[in-house]
Amino acid sequence: MPLKLSDLTVGDVYSEEVCNNLSRTQIVQYAGTSGDYNPLHSDEIFTTQIAGYPSVFAHGMLSMGMTGRMLTNYVGDGRLTAYGVRFTAQVFPGATLTASATIDAIREENGEHFIDLSVSTQDSEGVEVIKGQASARIDG
Amino acid sequence: MFNWKHYYRINPTRRLPPLVTLSPARHASGIVAGKLMQTAILFDPHYKPLLPAITRLQEVNAVEHHSAQALGRQDCFRHSVLDSSQFGPVPCFGLTHSLITKREAFMAVDKFPIEAGHIMMFARSIGDANPIYYDEDYAQGTESGGVVAPPTFVQASAQFDPDYFLRPKIGQEWFGSAKGPTGITPKEGGGSGGGSGGGLHAEQHYVYHKPLVAGDTLTATVKPGKSWEKEGRRGGKLMFSESVTEYRDLAGDLVVTATSVGVRTERPATS
């Protein structure tokens, strides 16, 4: 359901758990659908022995995609007008991530209403893995 | 022909000469200029490959023996390995990652069909059970009037990029593990390891102009964006560069603008 202007206040927060105990299999699923088969995300042997990481880890774009689910659940389908992030930490298998959006501004442009959101996704230790912004069109 | 002017535009902080000097005539043989530009970083004086078995000279030699397409992949292989070695965040790459050093706009994907089955699988992979991504009957009753794609779906246009470097190619070595920990055949007399700045995916931004609906067909055009520098905490100077991908529908209307920010480190971030 799209958001309605009269229901919203600057500072409102919406959050959602977007993954719980992230599995290597889900990372493989993402590799398959996105087409990014970098072995760092699925090949434990390469990643530990050649690249020197403790384990495979999720695509940044998987974290961005999961965070996007929180956004579309909040603002409605087809309502995002912009969505951008910085990748601030790696996400390893086993991660449990919570994504949240905070309303920074509510504005009107050419008779249409929009909200600007700051976006943050954190793991269960409180480490921020995604930091970003989004904007969405809302109903007047 | 290799164009040093382009090289300086890509790496404004770098000075001549490259450590390995090969005549432009030799480069030109069998290698197209556009692809060669993509590999300008091979001549990065700070570059050290991560894989101990591969020296830059060998890498350049390998480049000489590759076709233009394989040459792109060689570059990418190096990128990927370097990416993995340091500087924790974001070793994830988008469509444009391999193309970030190119200076001119070009068509990256000339046909990106937005297929319902692909959307369904993509939504599953990001853990999104929203029926608008797979249930046509449900979707018809919504504002969008049909199955739409999730916000980050255009990243999957890599599937339709024939040269995408993070997909194994038939008949080519793949750098992931096989019999050994990497499928790349080690070179004789390897040099020292280490690793200097590779490209990392630092940021991703999308602007949505029109809903992305199943049944659409898009094209993707990539062009370079801004570049800037910043002093990093661990990796010395950080060199950021943007590339901007415009996804248009068959009518030529802009559907999504995707801006990818890559970062290169001056020296290994871990030392």
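**Ground rules.** I number residues from 1 along each chain as its sequence is written, letter chains from A and number ligands from 1 in the order in which they are written. The model is predicted, so I ask for pLDDT of at least 70 for local features and 80 or more for side-chain atom pairs, while totals for chains, interfaces and linings use all residues, and side-chain values use heavy atoms, with hydrogens and water left out.

**Strands of chain A.** I began with β1 (residues 13-19), which runs antiparallel to β3 (residues 97-109) and is joined to it by six bridges. Strands here are DSSP E runs of at least two residues, helices are H or I runs of at least four, and both are numbered from the N terminus. I count two strands as paired if DSSP finds at least two bridges between them. Within this pair, S15(A) sits opposite S100(A) of β3(A).

Next I followed β3(A) into β4 (residues 112-123) of chain A, and found twelve bridges in the antiparallel sense. R107(A) has F114(A) of β4(A) as its bridge partner. Two residues lie between the strands of this hairpin, and N110(A) there takes a positive phi near 50 degrees. I also looked up E112(A), which belongs to strand β4 of chain A. E112(A) is partly exposed at 37% relative accessible area; buried means under 20%, exposed over 50% and partly exposed in between, with a 1.4 Å probe and protein chains only. From its C-alpha to that of L80(A), 32 residues away along the chain, I get 13 Å.

I noted R24(A) with E44(A), at 3.0 Å from N to O. R24(A) is in helix α1 (residues 24-34) and E44(A) in helix α2 (residues 44-50) of chain A, so this bridge ties together parts that are 20 residues apart in sequence. R24(A) is partly exposed at 44%, and E44(A) is partly exposed at 27%.

Then came R79(A) and D139(A), whose closest N and O atoms are 2.8 Å apart. R79(A) is in the loop between α3 (60-75) and β2 (80-87), D139(A) in the segment after β5 (128-138), and the two are 60 residues apart. Is R79(A) buried or exposed? R79(A) is buried, at 2%, whereas D139(A) is partly exposed at 29%. E143(B) joins R79(A) and D139(A) in a network of salt bridges.

In chain B I picked R248(B) with E246(B), at 3.0 Å between the closest N and O atoms. R248(B) is partly exposed at 28%, and E246(B) is buried at 17%.

**Rings.** I get 13 aromatic pairs over all chains, a pair being Phe, Tyr or Trp rings (the six-membered ring for Trp) with centres within 6.5 Å. Ring pairs link Y30(A) with F112(B), F122(B), F153(B), F160(B) and Y247(B) in one cluster.

**Second largest pocket.** Its volume is about 430 Å³, the space filled by probe spheres set on grid points joined across faces, edges and corners. A pocket is an open set of points on a 1 Å grid over the protein atoms alone, where a 1.4 Å probe fits, with protein on both sides within 12 Å along at least five of seven lines; lining residues have an atom within 4 Å of a point. I find 21 lining residues, with G78(A), R79(A), L80(A), K210(B) and P211(B) nearest the centre.

Notes: Phe/Tyr/Trp six-rings, centres within 6.5 Å; stacked < 30°, edge-to-face > 60°. Salt bridge = Lys/Arg side-chain N within 4 Å of Asp/Glu carboxyl O.
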